[in-house]
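Biologist: I'd like to learn how to read a two-chain model. Could you walk me through it?

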Amino acid sequence: MRKKTLIKLYILIFIFTQLSVFAIEPEKLTFREIQFNPPEVERAQLSNGITVYLLEDHELPLFTMNVLVKRGTLYEPLQKAGLFSILADGMRTGGTTTKSPDYIDDELESMAASINIDFNDEYGLATLETLSEDMSKGLEIFADILMHPVFKEDRIDISRAREIETIRRRNEDPFDIAFRYFPAYMYGKNQPMGSYPEISGIQSISRQNLLHSHRLLFQPDNLVFAVTGDFKRNKIIQELNTFFGNWQNNEVELPTLPTFRPVQTGGKPAVLYIPKNMNQSTILMGYYGMKRTPDHPDYFPLRVMREILGESSFTSRLYREVREKRGLAYSVGSYFDTSHYVYPGLWFSYAQTRSEKTVETAKLMLQVMDEMRKNKISGEELDLAKNSIVNSFVFAFSSSTQITLQKMLLDFRGFRADYLKTYTQHIRSVTPEQVLAVAQKYLDLENIVIVIIGNEKYFDHPASALGTITTITPD
Amino acid sequence: MAVFRCKIYGQHRCKDFYVRRSYKILTAFLFLLFIPVFTYAQNLEDRIIERRLDNGIKVLMMERHNAPVVALYILFKAGSADETTDTIGTAHMLEHMLFKGTDTIGTRDYNQERPILEEIDKTGEALDRERAKGDSANQTRIKDLEEKLKRLQAEESALVIHGQYESYYMKNGARGFNASTAKDYTLYTVELPSNKIELWALLESDRLKNFVLREFYTERKAVLEERRMRVDTDPFGKLREQFLLAAFDHHPYGIPTIGFPEDIRRISVKKARNFFKTHYTPDNCVIIMVGDIDTTEDFLLVKKYFGDISGGPAPVTEITPLPPQKEEQRITVELDAEPMVLIGFHKPAVQNPDNYALDMISGILSSGRTSRLYNNLVQTGIAVSVSASNGFPGEKYDNLFVLSAIPRPPHTVEDAEQALYRELDRLKKNPVEPEEFERVLKQIDAQYIRSLASNSGMARQIAYFEGTAGSWKYAITWKQKMHSVTPQDIMRVAQKYFSKNNRTVSSLVKKTAD
């Protein structure tokens, strides 16, 4: 009897354990299919030809308008790098022909509305956000700022001061230093992709420069609108026509951009050593990546390779080898730029490690990248990367503002209409051979440029162990 | 909110890459610019469903169906303020360690791994103890222990499946998978497609029930790197650390959440486990789900996975309030960096009625280009950037109202400091105009509506109020009280707290070559 009970108990425990093992195996879970058709974005045109993307969304009483400016800081005069940043700030704060800066600030803030303008290398975005009840008032101010800014001197002075202060502080953060000297070396400091602002350049920016740049960038031909929020389609078109419909194009002459000339490292890695008295080194190493086109055949294999090399936060090879297995860094990973269409973008791997592990860590990073070009990735790694990209793809559609903005940018670049619809299909069809091929094509470790910011006195080995060294004193 | 954003910091950096001309100075202060956002009281009460499991875990749910995604946050009402002097840094270290898997995830064979882990713990502790002796330490013993530890770690590493826990999330499409440790609470976050909620329930409940603190000493090195990154190589990080140390003598709010290197080097597996056992109790746990959920079905799912978690009652951390400050404290931090100033005034915890007026003051002083500090310091050329923030570095206990400024040359930190005091004096002497109140209240309303547009934003807000004020419902009271703050309240509160004797001033001055 006792024995029987024991056996029973044993069986019970056995079953229980089995059950619990079953219960905690994530692989065994099944998931229902997600049924989701993102809302369709409509395309319309204003009376003066400006294209408008629009999507009604009545969930919340909000209104958002994004204006795409189809040119970016590549068009800044090289001696005045930072000009578009002052321009953006100056448009928002410098008043218009009919509205004073104070009036605009008061009006916007009493509506809890905001207007922001920002430029990257290849385009700019101006954004208006208001509660839907304040839409018309917000549009009126926004239109005025976009069309008739006057850049009042006392406000421009504040923008310049802030930019100068940013420059004065730019050697405080090691990544700020790295992100200045790496592109400057790759493209040349006197080239649009390699330039960065200087105090003298900022001081030389005049009101005339701003008016000229404004005319160059802000005219109907050069703009696309995207609106989302709690409005009625016909009403918004009518309002946009009221505020923007009479805006006409100016004659402008676009400067021509210089041709791209890659730097020659002569088949040996170049080391840019930037001394800074810190107990931790910042290492950034990379090379030219892709000059993107909408149908670039390397894009999808690269998308997968990036994930595996260092872009997936916790499961990438760089993370695993440098941080998880060895504790050599807290911040480690890679970034592969695929958002440049005029000049090739850059890619790089990065890590921050204690001084006495600098060269060891750099060598390990090189080794991880070399492995990427030597051997095909495993099926398991491929699946993980693909599933991660495919399953998180739905997040690209989590707000109507995002959906509309995305559509506008894809059309601007000239992507096919079914690009997003076929995106996950393309990812699924990537093969290990393709991943290997793009790794071999882009991870040019023979010519890699290695930026090291730190105190060489405490390095484990001289930085010259990594390649031909150039010492730079940051300005 | 001195939150340590863990793990994916590097990725945040990358996004900065092509924003080379960004306003770094302004963003450096964003952490100070917290304004609570809940307002539409009835509305929020209608939308958030609060339930409790039998074991005490609170479950807060909010449905939003515009996309098939969901934010899933788990909050523990325990943070670095709950540490004791011998466990500094443990809350944060534990947070890191809970990503290392469980007895079934992250291991090839736990039965083989377990005895090695026990040996590692013992060896690591012995090594820490010996090293702690400093000059009188036995170097041969240190060397032996180091070698032993290295050997054991290699043995263990062979049994570990690296990144397995994380990979379950990643391959199922997770976003924002991360965690952060603050003074008042610890938060575990993830966003998933809404058909994967069960996966989250399984993985999270599994780590709470069966976590394994593997590769502890390797991760401790990564945490030391994190400290070097956040403090040693960041002038603002250093200034902030010195500022808090000066303002909070003998108080956990003065201690850096990550700990000093000496603290980090003394955190053991045992301490981490004890912290878990004491503070990660069901009573202290809040589960927050915002997005495409079904409040009935998904509550049952939570119950199924989290219902059998047991644990004692939530501990009460007793922190002796600081004695009233008797005189102004000033510190100067000399660094190879450009000047800035932080000024903190002691004031009571979030639950104190004066807090509403202080929140209102922070809005009046520094929200937007029409605010007083912007008008009178930035527009006039005294400073390039300014901020005022109520509730730093935590809010559960008595904390600080903080002003900061970056002077615009040729103005000095002293000029900026005096200009800030002039603004405080105005608050003490003259009643605030009704339009200033209205503007702040309208901004609060708008921010609330905007926060509803993001699952993760809303989840984070709920977590913040749970973690600091004890309940998300504080938000409702807050909104009502904000509307009833009067000009007299502002004057009274300004007079009460913004006195010379009650302030700590810390200035960063540029180191001169020696």
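**Reading the two chains**

Modeller: Let's start with chain A: among its contacts with a separation of 6 or more, residues 24 or more positions apart account for 81%. Two residues are in contact when their C-beta atoms, placed from the backbone, lie within 7 Å. This is a predicted model, so local features need pLDDT of at least 70 and side-chain atom pairs count only at pLDDT 80 or more, while totals for chains, interfaces and linings use all residues. Residues are numbered from 1 along each chain as its sequence is written, with chains lettered from A and ligands numbered from 1 in the order in which they are written.

Biologist: How many of the residues in chain A are buried?

Modeller: Burial is a neighbour count: buried means 20 or more other C-beta atoms within 10 Å of the residue's own, exposed means 12 or fewer, and partly exposed is in between, with C-beta atoms placed from the backbone. Of the 475 residues in chain A, 47% are buried. In chain B, buried residues make up 55% of 514.

Biologist: What do the overall dimensions look like along the principal axes?

Modeller: The C-alpha trace of chain A spans about 95 × 65 × 40 Å. For chain B, the C-alpha box is roughly 70 × 65 × 45 Å. Chain B has a radius of gyration of 24 Å, which agrees with the value near 24 Å for a compact globule of 514 residues. That radius is taken over C-alpha atoms, and the globule rule is 2.2 Å times the number of residues to the power 0.38.

Biologist: Into which domains is chain A divided?

Modeller: Domain bounds come from an automatic or database domain assignment. Here they give domain 1 (42–244) and domain 2 (270–471) of chain A. Their centres, taken over C-alpha atoms, are 30 Å apart, and each domain puts 23 residues into the contact. On the domain 1 side, H6(A) gives the most, with 9 residues. By class, that side has 16 nonpolar, 3 polar and 4 charged residues. Nonpolar covers Ala, Val, Leu, Ile, Met, Phe, Trp, Tyr, Cys and Pro; charged covers Asp, Glu, Lys and Arg; the others, Gly among them, are polar.

Biologist: And where the chains meet, how many residues does each give?

Modeller: The contact takes 71 residues from chain B and 69 from chain A. H9(B) gives the most to the chain B side, with 9 residues. That side divides into 29 nonpolar, 17 polar and 25 charged.

Biologist: Which residues of helix H20 (487–497) of chain B are buried?

Modeller: They are B:Ile490, B:Val493, B:Ala494 and B:Tyr497. These residues lie on the same side of H20(B) because they cover an arc of only 100° around the axis, the arc being that of the directions from the helix axis to the C-beta atoms. They pack against several elements of chain B, including strand S9 (340–347) and helix H14 (354–366).

Notes: Helices (H or I, at least four residues) and strands (E, at least two) are DSSP runs, numbered from the N terminus.
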